[in-house]
Amino acid sequence: MAANRDSIVELVELIAKALVDKPEEVSVRTVSGDQVRVLELQVDPSDLGKVIGKKGRTAKSIRALLGAAGMKVRKRYTLEILE
Amino acid sequence: MSREAWAQEEIAKKLDRFLGPVLSAARLSLDYELHEGRDDGKFINPDITVSFDGDDIELLLAQKGELLLALEQLTLEALHVPHEDRYRIIFDARDYRLLRIEELRMSAEKAAEMVKRTGMAYSFNPMTSRERRILHLALRDDPEVYTTSEGIPPHRHTVVRLAKESGRTN
């Protein structure tokens, strides 16, 4: 369903935008396979630490949330933070 | 709650602006309610509990509450809650976290008893700062022992020692 695709991009965008100082620089691209979707998150270089977090904790939390969202639709979502 | 920023309505508004859209974009069937914490005199309970319910509650609590903790962490970051204030908000479902707090308090008391009996230091397993804080607070009024946290995360752990061992009394 197209709605699903948009919804997961929206999820990553809205989390990232809430975390960073420059929300206008947030963009999410997706690369889709059959069961797997890679979400590529790009933020302003100065905001990288905000989406990764101390010891990668924030990125880990986003991945946990994507994991749960994926379980609901039997898909696997992978988050890549572009540097 | 001393400061204006901690007014429940204010937090509720900020929470709704973030958590509502996140839950719906993730297609999670979860609702939440805000409860003001009760003060039990031990200063451990948070000011605000965000308690979840709904069809996806099992998913929320799976793998030691991984999703619950992830939502809490992301929300605290998104709301820009300063680190020293983080313990004031807790996300919970079916009293999962509340029971963990009780468990930690009881472990702290047991450890203190053992230290007093044997005179030997007791080391807890590595824990998050939030959990270590509960251990420290649970024993801070006991003059016979003192607690420290040692090591570097994720191996940082709390140690209970006999107060007279080093002449310290806190």
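Two strands pair if DSSP finds at least two bridges between them. Helices (H or I, at least four residues) and strands (E, at least two) are DSSP runs, numbered from the N terminus. The model is predicted: local features need pLDDT of at least 70, side-chain atom pairs count only at pLDDT 80 or more, and totals for chains, interfaces and linings use all residues. Residues are numbered from 1 along each chain as its sequence is written, chains are lettered from A and ligands numbered from 1 in the order in which they are written, and side-chain values use heavy atoms, with hydrogens and water left out.

In chain B, strand S2 (residues 48-53) and S3(B) run parallel. Four bridges join them. Asp92(B), in S3(B), is the bridge partner of Ser51(B). Strand S3 of chain B spans residues 89-92. Ile89(B) and Phe91(B) point one way from this strand, and Ile90(B) and Asp92(B) point the other way. All four residues are buried, where buried means under 20% relative accessible area, exposed over 50%, and partly exposed in between (1.4 Å probe, protein chains only).

Strand S2 of chain B also holds Asp53(B). Asp53(B) is exposed, at a relative accessible area of 52%. Together with Asp31(B), Glu33(B) and Asp55(B), Asp53(B) forms a negative surface patch. Patches are made of residues with over 30% relative accessible area and no salt bridge; like charges are joined within 9 Å, and nonpolar side chains (Val, Leu, Ile, Met, Phe, Trp, Tyr) within 5 Å. A salt bridge is a side-chain nitrogen of Lys or Arg within 4 Å of a carboxyl oxygen of Asp or Glu.

Chain A carries a surface patch of positive charge. Lys54(A), Lys55(A), Arg57(A) and Lys60(A) gather there. Arg57(A) belongs to helix H3 (residues 57-73) of chain A. Its relative accessible area is 49%, so Arg57(A) is partly exposed.

Backbone geometry was examined in the loops. Arg74(A) lies between H3 and strand S3 (76-81) of chain A. Its phi is near 50°, a positive value in a residue other than glycine. Arg74(A) counts as exposed, at 73% relative accessibility. In chain B, His80(B) sits in the loop between helix H2 (57-78) and S3. His80(B) is not a glycine, yet has a positive phi of about 55°. The peptide bond from Pro153(B) to Pro154(B) is cis, with omega near 5°. Pro154(B) lies in the loop between strand S5 (145-150) and strand S6 (157-162) of chain B.

Notes:
Areas by Shrake-Rupley, 256 points an atom, 1.4 Å probe, with all protein chains shown as cover. Lys, Arg positive; Asp, Glu negative; His and termini not counted. Charge placed at Lys NZ, Arg CZ, Asp CG, Glu CD.
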